[in-house]
Amino acid sequence: MHKRVLMFPSGRSRADLWSEIAAVDEEQEGLRQHQRPRQQAIYQRRKQEKASKQNVATGKNIVNVARVSLAANGKRVSWNRSLSTRGRTSIAVTACVDHRPGQKHARRKAKPPLPKAKVAHSLEKERSYFQEVDAFELLEESPSPKKSGTWVVGNQTDTVIPHLSSRLEKWLISKKLNHGCGPSSTLSKILETSAMPSGVKLETPIQSLMQINSSMCPSLVCKNDLERQGHSQLSKLELKDVAEESCKDLEAAFRKLSLASTCDTSDGDHWNPFAALLAVCGQTAPSTLVDVFSKFCAPDNIIKIGEGTFGEAFKAGDYVCKVVPIDGDLRVNGEVQKRSEELLEEAVLSQTLNRLRECQDDAYNACTTFIQTIDLRVCRGTYDVELIRAWEDWDENNGSENDHPKGFPEKQCYMVFVLEHGGKDLESFVLLNFDEARSLLVQVTAALAVAEAAYEFEHRDLHWGNILLNRNDSRMLKFMLEGKHINVKTFGLCISIIDFTLSRINTGQDILFLDLSSDPYLFKGPKGDKQSETYRKMKEVTEDYWEGSFPKTNVLWLVYLVDILLLKKSFERSSKDERELRSLKKRLDGYDSAKEAISDPFFADLFVECAV
């Protein structure tokens with residue numbers, strides 16, 4: 001058996017060897033001590049993560065030394081999100097710290113907003129500033145902010161107005177600062193007055209203001225002229241007293257400033273439209289129907305020639321009398337009777353259009369196409385026997401759709417328009433050829449263009465029942481459009497435009513119109529019906545603001561007339577003639593007024609300018 005012998009290098013003993021081994025172990029232990037984790041700053045995004053229970057129990061340290069890369073994340077981080085995490089982040093200060101940021105501190109609540117009724121700061125600075133502005137006086141061409149209505153320093157008067165609505169306040173200021181002004185309109189008119197300086201007048205064509213004519217009847221004047229007549233009945237002293245009187249009793253001030261009645265009325269304190277209508281007609285009291293008709297023919301010769309929803313038309317000699325019941329409680333043909341104020345505007349409008357008939361050399365706008373109003377009369381009483389007979393004869397031959405007039409009471413009032421006889425309406429008139437159709441269109445277009453230029457006129461109801469036609473020996477018709485003499489070929493056809501109930505006109509002193517928004521049924525006619533469609537198109541053009549000037553409505557009725565000629569009227573025409581009418585209809589859609597439409601090539605050989 002051999003024994004293993006451990007041999008040592010020369011010169012080294014067993015003890016030295018073990019001591020050397022122990023020294024190596026101590027060095028390795030020292031190295032391990034030095035290799036323990038050091039404190040180091042960790043920069044990373046805030047991310048909530050929970051330490052496992054096992055790591056907590058064993059006390060193991062989990063240190064994520066490497067920085068987390070945003071690019072390594074598969075989910076895209078938006079720029080708004082990444083920008084919101086930039087800035088100061090938490091720093092771990094020990095190896096055993098869980099590197100999670102603390103909870104965000106709640107934002108400090110802002111102070112609650114102050115109530116609207118309270119003001120946090122003083123208004124003394126603002127008040128003193130505006131007082132300084134008010135104290136500054138402009139020397140010329142600018143009214144003082146403090147005292148409106150005065151234009152030159154040294155001519156100012158203090159006006160104290162209580163707190164009223166803005167429109168009433170402006171009206172009262174204007175009355176106090178303009179002592180020479182005539183009496184006001186009714187309260188409803190005051191409230192409808194636009195907020196503009198009292199001295200500003202509505203601009204209208206200058207030439208139309210120079211064409212005022214009262215040859216038909218000396219008392220046929222416009223509404224403002226009528227108010228000036230009423231003003232003459234009040235002394236200047238009374239008006240001055242009213243202007244300076246306190247506004248505490250506002251209603252009493254309205255009554256004193258209203259138009260004085262020209263005749264006995266049930267309520268003399270208020271402006272009476274019936275009395276105004278009498279004044280326009282040159283009357284002090286109503287007449288009877290038979291008295292009016294007797295001026296033009298024998299009562300036995302009265303003939304009914306037509307009817308409408310609101311009245312009847314009778315022939316008296318060479319004239320036509322249109323009778324319209326007014327101001328009564330009895331319904332007429334299922335409709336409420338018209339009121340005096342409505343007929344007042346139509347009467348003024350009719351006599352205004354009469355001025356266009358003055359085809360003189362110095363006339364700026366003139367034509368004779370609008371029906372001439374011969375006389376205007378207010379009547380009272382029942383239908384006379386002669387009128388009842390004429391009505392029943394018409395009913396027997398034509399079948400009247402109106403109620404029998406014998407039901408009218410003794411106190412029933414009427415407005416009678418005495419007009420020239422214009423012939424048959426387009427619905428019943430027989431056109432012979434294409435030349436007569438062209439003559440119809442050019443005469444209507446030229447008349448509307450002249451009325452637009454003179455009075456901003458819009459007919460607004462130019463259906464085929466409101467155009468009268470007759471034949472004569474004349475071959476030419478004269479027009480004056482903005483100073484230009486024009487002759488129109490008529491081919492022996494004479495056109496008259498009637499019925500201005502829905503019309504709008506600017507007389508130079510008043511804008512007369514009918515607010516069609518109060519009659520919604522007018523726009524609910526059958527679809528496809530040309531007349532009903534035209535009403536609806538008018539509503540679109542005006543946007544239900546019927547006081548404004550929209551000459552495009554005249555063009556809409558011209559388009560309607562072309563449709564009537566194409567679809568409803570039979571006359572000698574070729575396919576070329578129909579193509580010309582259809583082309584005209586397309587071009588009319590591009591015009592905004594009859595003044596523009598009159599220059600259409602369709603009228604080139606009909607509408608001829610003549611040298612003065």
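Where in the chain do D435 and R438 lie, and how many residues apart are they? Both lie in helix α15, residues 434-455, three residues apart, which is about one turn of the helix. Helices here are DSSP runs of H or I with at least four residues, strands are runs of E with at least two, and both are numbered from the N terminus.

Before going on, some ground rules. This is a predicted model, in which local features need pLDDT of at least 70 and side-chain atom pairs count only at pLDDT 80 or more, while totals for chains, interfaces and linings use all residues. Residues are numbered from 1 along each chain as its sequence is written, and side-chain values use heavy atoms, with hydrogens and water left out.

Now the overall picture. The chain has 19 helices and 13 strands. Of its 612 residues, 38% are buried; buried means under 20% relative accessible area, exposed means over 50%, and partly exposed is in between, with a 1.4 Å probe and protein chains only. The chain exposes about 37600 Å², and carbon and sulfur atoms supply 52% of that area. These areas come from the Shrake-Rupley method with a 1.4 Å probe, and for residues only the protein chains shown count as cover. Among contacts with a separation of 6 or more, 70% are between residues 24 or more positions apart. Contact means heavy atoms within 4.5 Å.

Back to the pair from the start. D435 and R438 form a salt bridge, with their closest N and O atoms 3.2 Å apart. A salt bridge is a side-chain nitrogen of Lys or Arg within 4 Å of a carboxyl oxygen of Asp or Glu. D435 is partly exposed at 28% relative accessible area, and R438 is buried at 10%.

How many salt bridges does a search of the whole structure find? It finds 20. K304, E307 and E312 are linked in a network of them. Another joins R587 to D600, at 2.8 Å between the closest N and O atoms. That pair links distant parts of the chain: R587 is in helix α18, residues 575-588, and D600 is in the loop between α19 (594-597) and β13 (607-609), 13 residues apart. R587 is partly exposed, with a relative accessible area of 32%, whereas D600 is buried at 2%.

Next, E458, which sits in the loop between α15 and β7 (467-471). Is E458 buried or exposed? E458 counts as buried, because its relative accessible area is 0%. Its salt-bridge partner is R460, at 3.0 Å from N to O, and R460 is also at 0% and buried. The side chain of E458 also reaches the backbone nitrogen of F550 at 2.6 Å. Leaving aside neighbours within four places in sequence, the residues in contact with E458 include S503, R504, F550 and N554.

On to the strands. As a general point, strands of a sheet pair through backbone hydrogen bonds, either parallel or antiparallel. In this model, three strands form an open sheet in the order β6-β7-β10, with antiparallel pairing. Its edge strands are β6 (424-425) and β10 (493-497), each pairing on one side only. Two strands count as paired if DSSP finds at least two bridges between them. Five bridges join β7 to β10, and I467 has I497 in β10 as its bridge partner.

Elsewhere, β8 (residues 476-481) and β9 (residues 484-489) pair in the antiparallel sense over six bridges. They form a hairpin with two residues between them, and E482 in the turn has a positive phi of about 50°. L481 stands opposite K484 in β9.

Last, two covered helices. In α11, residues 273-280, eight of eight residues are buried, F274 and L277 among them. N272 caps the N-terminal end of α11, with a side-chain oxygen 2.9 Å from the backbone nitrogen of F274. After α11 comes G282, whose phi is positive, near 75°.

Helix α13 is mostly covered too, with 13 of its 15 residues buried.

Definitions and conventions
Polar contact = N/O pair within 3.5 Å; in protein donor to acceptor, adjacent residues only side chain to side chain.
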